[in-house]
Amino acid sequence: MHYDLTDLRLFQAIAEAGNLTRGAEKTNLAPSSASHRLRQLEGDLGTPLFLRQARGLRLTRAGEALLRHTRQVFARLEQMHADLAPYAQGIRGHVSLWANTHATHSFLPDDLADFLRAHPQVSVTLEEHTSPVIVLAVAAGEVEMGVVAGGAEGAGVELLPYRQDRLVLITPAAHPLAARARCGFGEVLDYPFVMLHAGSAIHTFTTNAAAALGRHLNVRIQVRSFEAVCRMVGAGVGIGLVPRSAVPGANLREPPTVVELDEPWARRDLSICIRRRDALTGFAAALVEELARQGGTGEP
């Protein structure tokens with residue numbers, strides 16, 4: 001079936017206004033034209049989208065489903081416009097980069113800023129995903145490059161060294177765990193956690209690590225940055241799990257105490273993930289080279 005964007009925009013306007021006339025006004029259509037378009041859309045779909053009531057229109061179940069999808073369609077169109085706009089503004093290159101939470105919040109802001117200053121004709125889209133998702137996307141050709149933690153054996157990708165780091169436990173200064181030099185992850189799961197928001201790669205990773213032990217995280221609060229995690233932990237809200245590089249130390253009024261995490265997965269060395277070096281576009285290859293240089297590993 002063919003969907004007309006004008007019809008979908010009209011449908012959304014009517015649904016949000018609960019009134020055909022007001023919906024028609026929002027889309028610059030005459031009420032008679034709007035009514036005809038709506039009847040035709042319902043006829044094409046083979047189901048009514050609204051219940052006609054004395055005080056206006058109310059969505060049917062089919063109408064609710066169409067409204068949800070319509071909003072997604074226009075959101076994707078807006079994103080498409082945003083992605084294409086740089087080309088109209090004279091930017092001649094674009095690189096899509098997916099990275100895990102660790103890289104996104106710790107190293108990439110500064111490293112990408114250096115790259116973009118040196119390449120004013122390039123734009124970069126940075127998206128946060130878990131490392132396994134990034135590896136699969138790179139292997140499938142959905143994205144040119146990523147930054148991941150851990151290995152990718154058998155995935156059909158190349159990993160180039162980027163940064164070295166570790167996950168550490170942070171606690172309030174007066175916490176019972178603060179006197180420990182190191183501890184296992186299973187030993188801390190009875191305490192409340194300060195976590196990055198649900199959906200962040202490190203939240204998913206930590207939740208899965210607890211599930212592997214048959215346990216659940218006791219999440220007291222979720223925040224949007226590692227700095228906020230450190231501030232909350234230092235203030236006594238709970239304990240946290242963050243990269244060592246993300247602990248600001250003296251910059252906080254109440255800095256948290258760092259405890260080594262005695263787990264093999266605590267080592268979170270970051271790698272640049274690509275499918276094949278010879279398949280990279282020129283700008284992606286330049287970004288790979290820059291990230292490798294910034295990470296102190298030299299040219300790949």
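Predicted model: local features only at pLDDT ≥ 70, side-chain atom pairs only at ≥ 80, totals over all residues.

**Aromatic contacts and pockets**

Q: What makes Trp-265 buried, partly exposed or exposed?
A: The relative accessibility of Trp-265 is 23%. Buried means under 20% and exposed means over 50%; the value for Trp-265 lies in between, so the residue counts as partly exposed.

Q: How many aromatic pairs does the rule give?
A: The count comes to four aromatic pairs.

Q: Why is the pair of Phe-185 and Trp-265 called edge-to-face?
A: The ring centres of Phe-185 and Trp-265 are 5.3 Å apart, and the planes stand at 85°. Centres must lie within 6.5 Å for a pair, and planes over 60 degrees apart count as edge-to-face. Both conditions hold, so the pair of Phe-185 and Trp-265 is edge-to-face.

Q: Where in the chain do Phe-185 and Trp-265 lie?
A: Phe-185 is in the loop between strand 8 (182-183) and strand 9 (192-196), and Trp-265 is in the loop between strand 12 (257-261) and strand 13 (270-274). The pair links distant parts of the chain, 80 residues apart.

Q: What makes the pair of Phe-205 and Trp-265 stacked, tilted or edge-to-face?
A: For Phe-205 and Trp-265 the centres are 5.4 Å apart, and the planes form an angle of 75°. The distance is within 6.5 Å and the angle is over 60 degrees, so this pair is edge-to-face.

Q: Why can the pair of Phe-205 and Trp-265 be said to tie together parts of the chain?
A: Phe-205 belongs to helix 8, whereas Trp-265 is in the loop between strand 12 and strand 13; the pair therefore ties together parts that are 60 residues apart in sequence.

Q: Which residues form one aromatic cluster?
A: The cluster is formed by Phe-185, Phe-205 and Trp-265.

Q: Why is Phe-205 called partly exposed?
A: Its relative accessible area is 24%.

Q: Which residue lies over the face of Phe-205?
A: Arg-268 does, at 4.1 Å from the ring centre. The distance part of the rule asks for a value within 6 Å.

Q: How much space lies in the largest pocket, and which residues are closest to its centre?
A: The largest pocket holds about 280 Å³ of space. It is lined by 18 residues, of which Ser-131, Pro-132, Ala-149, Phe-205 and Arg-268 are the closest to its centre.

Q: Which element gives the most to the lining of the largest pocket?
A: Helix 8 does, with five residues. By class, the lining has seven nonpolar, eight polar and three charged residues.

Q: How much space lies in the second largest pocket, and which element gives the most to its lining?
A: About 220 Å³ of space lies there. Helix 4 gives the most to the lining, with four residues. The lining residues divide into three nonpolar, four polar and four charged.

Q: Why is Leu-45 called partly exposed?
A: Leu-45, which lies in helix 3 (residues 31-45), has a relative accessible area of 27%.

Technical notes: Residues numbered from 1 in each chain as written. Heavy atoms only, no water. 1 Å grid on protein atoms, 1.4 Å probe; cavity = no way out; pocket = protein on both sides within 12 Å on 5 of 7 lines; lining within 4 Å. Points joined across faces, edges and corners; volume = space filled by probe spheres on them. Helix = DSSP H or I, 4+ residues; strand = E, 2+ residues; numbered from the N terminus. Nonpolar A, V, L, I, M, F, W, Y, C, P; charged D, E, K, R; others polar. Phe/Tyr/Trp six-rings, centres within 6.5 Å; stacked < 30°, edge-to-face > 60°. Buried < 20%, exposed > 50% of the residue type's maximum accessible area, 1.4 Å probe, protein only. Lys NZ or Arg CZ within 6 Å of the ring centre and 35° of its normal.
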